[in-house]
Amino acid sequence: MSLRFRNISHAFGAVPVLSDLSFEVKAGQITCLLGPSGGGKSTLLRLAAGLEPVQSGAIEIAGEIVASPEVQRPPEQRPVGMMFQENALFPHLTVAENVSFGLMKQPRAERSARVASLLEMVGCRELGGRLPHQLSGGQQQRVALVRSLAPEPQVLLMDEPYASVDISLRRALREAARRTLRQNGTTTVMVTHDPSEAMEMADVIAVLDEGHIVQTGTPQQLYEAPATPSVAAFFGDAQRLSARPCSAGFETDFGVIQAPEAVAQSRNSSCEIVVRPRGLELEEAPEGSARIEDLRYVGDGWLAFIRSVLQNPAAPLRVFIPDPSAWSVGDRVSLRRAGHGFYVFEPRSRSPSARQEEG
């Protein structure tokens, strides 16, 4: 069952949170709303669930309006389930009783079979008799997921469900959740500020920035063809640099980044570069404008942390280096564009310049 947000605007007092926002989640699709904290993601879910009234625009489920300034169906009359950041299990009920809470109108035998099937789906069938405080954080999250799925909602809204879980558990929980949602064919909207989580969970990612959806697409589309600097900066440990095109490439606070003329030519006197660690190469330059401040091993290789000798940027520039033995802390270097992960955005442009990375 599809979920559609149409021209949604929302404010808290005089502070706008969402502005003329529109997008659609297709039936059975898992869509992640990705954006910085405080960007309106949770507000959008609360509007869809009926926990906040819609001020402007409309929300449709399967083509039927469930929320608008004129129509406000209460939460219990919407085919929507919600899984909060705090899993909010009832502490005085067993796991099985928590999962069956929304099934009280079903006959006892059907209810028991449904609970057993759901708990088995997430590897928790033997935990049915335990109380929530007797579970690990990961087990509580799995129980919370199947409790939200038990009444078979046509749409499930998930508000940063793994934010309170240890990082070592998140991947396993994400995999279990995606598999469960796929198996149930549940239309899902999940809020997150973690791009890795969005990449692993989503069929489609919608990036919410300053109250607007700035790009929607598959994880691959957003990673490889970001439409704005903010989208590009979400993925691949990217950094943003102000730059000025020049004959050799781009002038930045770290000196000139050498780049082919096809990349460097611009109609504007300024631009913004978004670059990932593998989007740059170091070159030895005794008179270079940058120096290596630190070398660190990060699991899949080494990063050089680069500081400018001319300016004082707030953060060092991170550059992947295949051979750490070739470099030492304190070495003066220059920078060159390298392969994928180098994007050029012209001022006020909502899409990358035609002179973004080649290849």
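Modeller: Asp237 counts as partly exposed because its relative accessibility is 41%; that class lies between buried, under 20% relative accessible area, and exposed, over 50%, using a 1.4 Å probe and protein chains only. This is a predicted model, in which local features need pLDDT of at least 70, side-chain atom pairs count only at pLDDT 80 or more, and totals for chains, interfaces and linings use all residues. Residues are numbered from 1 along each chain as its sequence is written, and side-chain values use heavy atoms, with hydrogens and water left out.

Asp237 is located in the loop between helix H8 (229-234) and strand S11 (239-246); helices (H or I, at least four residues) and strands (E, at least two) are DSSP runs numbered from the N terminus. Although Asp237 is not a glycine, its phi is positive, about 60°. Ala62 is likewise a non-glycine residue with a positive phi, about 55°. Ala62 sits in the loop between strand S4 (56-61) and strand S5 (64-67), and it is partly exposed because its relative accessibility is 45%.

Strand S1 (residues 3-12) runs antiparallel to S4, joined by five bridges; two strands pair if DSSP finds at least two bridges between them. Within that pairing, Arg4 is opposite Glu60 of S4. S1 also pairs with strand S2 (residues 15-25), again in the antiparallel sense, over seven bridges, and there Ala11 faces Pro16 of S2. S1 and S2 make a hairpin with two residues between them, and Gly13 in the turn has a positive phi of about 65°.

Next comes the open sheet. Six strands build it in the order S6-S7-S8-S3-S9-S10, with mixed pairing. Its edges are strand S6 (80-83) and strand S10 (212-217), each of which pairs on one side only. Neighbouring strands are turned by 20° against each other on average, direction ignored; axes are lines fitted to C-alpha atoms, for helices over the stretch in contact, and angles run from 0 to 180 degrees between N-to-C directions. S7 pairs with strand S8 (residues 187-192) in the parallel sense over five bridges, and Leu157 has Val189 of S8 as its bridge partner.

Helices lie across this sheet. H4 lies across S6 and S7, running at about 170° to S6.

Pro151 is in the loop between helix H4 (137-149) and strand S7 (155-159). Pro151 is partly exposed because its relative accessible area is 43%. Apart from neighbours within four places in sequence, Pro151 is in contact with Gly102 and Leu103, contact meaning heavy atoms within 4.5 Å. His193 is 42 residues from Pro151 along the chain, and their C-alpha atoms are 28 Å apart.

For the protein as a whole, the secondary structure comes to nine helices and 20 strands. Of its 359 residues, 50% count as buried. Among contacts with a separation of 6 or more, 63% are between residues 24 or more positions apart. The C-alpha atoms fill a box of roughly 80 × 45 × 35 Å along the principal axes.
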